[in-house]
Amino acid sequence: SGINAEYGVDGVTRGLRESVKRLDKREALLCVLAESTDEKNILKLVEALCREHGINLIKIDDAKKLGEWTGLCKIDKEGQARKVVRCSCAVVHSFGTESQALDIINDHFKHSVAAEA
């Protein structure tokens, strides 16, 4: 994954290996998994850890979308995301006070519900 924790949104761990560490230590409040990753074994591991520790898991189809949500992109003058880096897995470990992470998740649920309606 190669992206360090200082980058992007506070309270969110990005990348499969770092996310798995958080899940294993039960430090995760929520896990978002992109099903488009090639590493199917890790997908199964993440799912199993979430199940075992009772951590909510959201699955999305697109790793680029997850990259955008977790701040792995540049925002241009028009407010559009550019140069989005794919992110296979992200773990929310702290909602903080002024939490971007919480906004992202709430936004996701609003869109999902709207899409299903």
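Tutor: Two residues are in contact when heavy atoms of theirs lie within 4.5 Å. The model is predicted: local features need pLDDT of at least 70 and side-chain atom pairs pLDDT 80 or more, while totals for chains, interfaces and linings use all residues. Residues are numbered from 1 along each chain as its sequence is written, and side-chain values use heavy atoms, with hydrogens and water left out.

Start with Cys-87, which sits in the loop between strand S5 (81-82) and strand S6 (89-92). Helices (H or I, at least four residues) and strands (E, at least two) are DSSP runs, numbered from the N terminus. Cys-87 is buried, at 3% relative accessibility (buried is under 20% relative accessible area, exposed over 50%, partly exposed in between, with a 1.4 Å probe and protein chains only). Apart from neighbours within four places in sequence, Cys-87 contacts Arg-14, Gly-15, Ala-34, Ala-63, Leu-66, Gly-67, Thr-70 and Leu-72. One of these, Gly-67, is 20 residues away in sequence, with 4.6 Å between its C-alpha and that of Cys-87.

Arg-14, another residue on that list, belongs to strand S1 (residues 12-14). Its relative accessible area is 4%, so Arg-14 is also buried. The side chain of Arg-14 reaches two backbone oxygens: that of Val-12 at 3.3 Å and that of Thr-70 at 3.0 Å. These are polar contacts (N or O pairs within 3.5 Å; within protein, one atom must be able to donate a hydrogen and the other to accept it, and residues adjacent in sequence count only if both atoms are side-chain atoms).

Helix H1 covers residues 16-24. Its axis and that of helix H2 (residues 40-53) come within 10 Å and cross at roughly 20 degrees. H1 is therefore roughly parallel to H2 (angles under 35 degrees count as roughly parallel, over 145 as roughly antiparallel, 65 to 115 as roughly perpendicular and the rest as oblique; axes are lines fitted to C-alpha atoms, for helices over the stretch in contact, and angles run from 0 to 180 degrees between N-to-C directions). Leu-16, Arg-17, Val-20, Leu-23 and Asp-24 of H1 make the contact with Ile-42, Leu-45, Val-46, Leu-49, Cys-50 and His-53 of H2. By class, the contact holds 8 nonpolar, 1 polar and 2 charged residues (Ala, Val, Leu, Ile, Met, Phe, Trp, Tyr, Cys and Pro are nonpolar, Asp, Glu, Lys and Arg charged, and the others, Gly among them, polar).

Arg-22 also lies in H1. It is partly exposed, at 24% relative accessibility. Not counting residues up to four places away in sequence, Arg-22 touches Thr-13, Glu-27, Ala-28, Val-91 and His-93. The C-alpha atoms of Arg-22 and Leu-49 are 9.9 Å apart, and the two residues are 27 apart in sequence.

The loop between H1 and strand S2 (30-34) holds Arg-26. Arg-26 has a positive phi of about 60 degrees although it is not a glycine. Most residues other than glycine have a negative phi. Arg-26 is exposed, at 60% relative accessibility.
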